[in-house]
Structures are given as C-alpha cells and as structure tokens.
Amino acid sequence: MRNIIGNRYKGLEMTGIRAVSGHSLSISLKPQAEGEIRESVLLRDPLGYFLSFYNYRWARHAAGDAKPPDFSLWYRTQRRNPITRFLLNRYFEHGIPALYRFSSQGRLAWLEQRLAQFHFVGSYRYTGEMIAGISRELGLPEEAERANVTPVRHLTADQIPEPLRLQILEENAADQALYDRWAERLWQGAPKNPPPSLPSLDQPRYALADSLGGIAKKLLR
C-alpha cells in the first residue's frame with residue numbers, strides 16, 4: 001500500500017530500538033526516534049541508475065541459458081524520473097494520486113527545499129566519504145567493506161547507443177537536474193546557482209507513462 005498512501009508506519013512503536021536500516025525508511029520514523037536525526041542521501045544519475053538496475057535485475061540469468069531482454073525494450077517498462085519519485089514516495093510519503101500533482105519542475109523545487117536541511121547529500125561516488133564522516137561523528141571505525149551485489153554485467157555504458165542515451169536524459173530531466181546540482185554538495189549548503197527550467201505542466205505524462213510502463217512490464221514477463 002505504500003505506493004497509495006505513502007511509506008507510513010502508523011502505530012509503530014520504536015521503544016528499545018537503537019537503529020533501523022533499509023531502502024524504504026520514511027520521514028514518519030523521525031518523531032519516534034530519540035535524540036537528533038541527521039538525514040543523509042546518496043544520489044545517482046538516471047543513465048547510471050537504469051544501467052545498474054538492468055544489470056542487477058538480470059544478474060540471476062548469468063549462470064543459465066536465459067538472456068535478458070534488449071535494454072531499450074526493458075527501459076520502456078521503467079518509470080520516468082525514478083530517483084525523484086522514490087524520494088517523494090518512499091521517504092517523504094507522497095502516495096498516489098497525490099504524487100501526480102508534482103510536475104518535473106515541482107519535483108525538483110520541492111525536493112531541493114528539503115535536501116537543503118539534510119546533513120549530507122552527494123553522488124553515490126562519495127559513499128566512502130559519507131560513511132567515514134558519519135562514522136567519525138559516532139565514534140565508529142571509518143572504513144567499510146566494499147561489496148558489489150552485481151558481479152556480472154550484461155551491459156556497459158559504452159554499449160548504449162547515443163540516441164537512447166539522449167532519450168534517457170531527456171525523459172528523466174528532473175533526476176538529471178537533481179544529480180547535477182547536488183552531486184558535489186556533500187556537507188555544504190544548498191546549490192547557489194538557479195535551477196534549470198523543467199516542464200511545469202507534465203503531470204499527465206507521468207500518469208500515462210507509469211500506466212503504459214506497467215502494462216509493458218507485464219508483457220515483458
């Protein structure tokens with residue numbers, strides 16, 4: 001139900017719980033936690049995200065005879081601007097249909113206001129720096145063991161045709177703008193330069209693309 005009502009934890013009691021983790025923790029956990037909460041997030045560019053997700057999704061076929069679908073075909077089943085969507089839906093608890101009141105411009109503007117209050121924001125390439133910094137604050141060892149859950153890559157960035165690369169950047173402009181503006185922020189303040197101009201009336205396109213993508217995903221299976 002989290003896609004409908006947002007990622008909420010109504011009635012949850014955290015008495016005695018010292019730590020929580022996971023991909024889908026939401027902001028409603030903050031009032032239940034004791035002490036100061038310092039929010040941090042790692043961002044990814046849309047092309048890198050789709051490529052990584054594709055390789056992860058089809059890694060289980062590496063040892064068998066089944067081959068993954070063509071990347072361009074698989075891409076048609078994916079939601080547009082998945083990073084901004086994930087943050088709005090999973091962390092900031094905007095469910096459906098409320099999620100569709102945000103245009104691309106609205107997504108970026110709303111998220112930037114919230115990210116300006118975060119402790120750390122940066123590219124996934126700064127994972128080590130983020131872990132080390134937070135660990136120092138907590139008095140923990142700064143080194144973390146690196147691991148890749150997708151050892152086999154079916155596709156690399158240089159194998160994606162240029163027209164498709166440009167299509168991905170155009171159709172996921174909100175995610176790309178968020179990454180470009182916040183990838184190097186780290187422990188500093190909000191970006192000083194003005195945000196780019198993005199579509200401000202494209203809410204129906206999100207709803208249509210999600211519906212068609214859902215149908216295509218079922219057919220692909």
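Modeller: What follows describes that core, then one of its helices, and then a few places around them.

This is a predicted model, in which local features need pLDDT of at least 70, side-chain atom pairs count only at pLDDT 80 or more, and totals for chains, interfaces and linings use all residues. Residues are numbered from 1 along each chain as its sequence is written, and side-chain values use heavy atoms, with hydrogens and water left out.

A nonpolar core here is a set of buried Ala, Val, Leu, Ile, Met, Phe, Trp, Tyr and Cys residues joined through side-chain atoms within 4.5 Å. Buried means under 20% relative accessible area, exposed means over 50%, and partly exposed is in between, using a 1.4 Å probe and protein chains only. In soluble globular proteins, nonpolar side chains tend to be buried together. The largest such core has 24 residues, and Val41, Leu43, Leu111, Leu115, Phe118, Val121 and Leu178 have the most contacts inside it. At least two core residues come from each of β1 (40–43), α4 (82–91), α5 (104–115) and α8 (173–182); helices (H or I, at least four residues) and strands (E, at least two) are DSSP runs, numbered from the N terminus. The greatest share comes from α8, with 5 residues. A second core of 12 residues is separate, and Phe50, Phe71, Leu155 and Leu164 are among its members.

Contact means heavy atoms within 4.5 Å. Setting aside neighbours within four places in sequence, leucine 43 is in contact with Ile83, Leu87, Val121, Gly122, Ser123, Tyr124, Leu178, Tyr179 and Trp182. Leucine 87 belongs to helix α4 and is buried because its relative accessibility is 11%. Not counting residues up to four places away in sequence, leucine 87 touches Val41, Leu43, Phe92, Leu111 and Leu178. Leucine 87 and valine 41 are 46 residues apart along the chain, and their C-alpha atoms are separated by 9.6 Å.

Helix α4 as a whole is mostly covered, with 9 of its 10 residues buried.

Asparagine 81 is in the loop between α3 (71–75) and α4. Its phi is positive, about 50 degrees, although asparagine 81 is not a glycine, and at 2% relative accessibility asparagine 81 counts as buried. After α4 comes glutamate 93, with a positive phi near 65 degrees. In the loop between α4 and α5 lies proline 97, which is joined to isoleucine 96 by a cis peptide bond with omega about 15 degrees.

Another positive phi, about 55 degrees, occurs at leucine 186, again not a glycine. Leucine 186 sits in the loop between α8 and α9 (203–220), and is buried with a relative accessible area of 19%.
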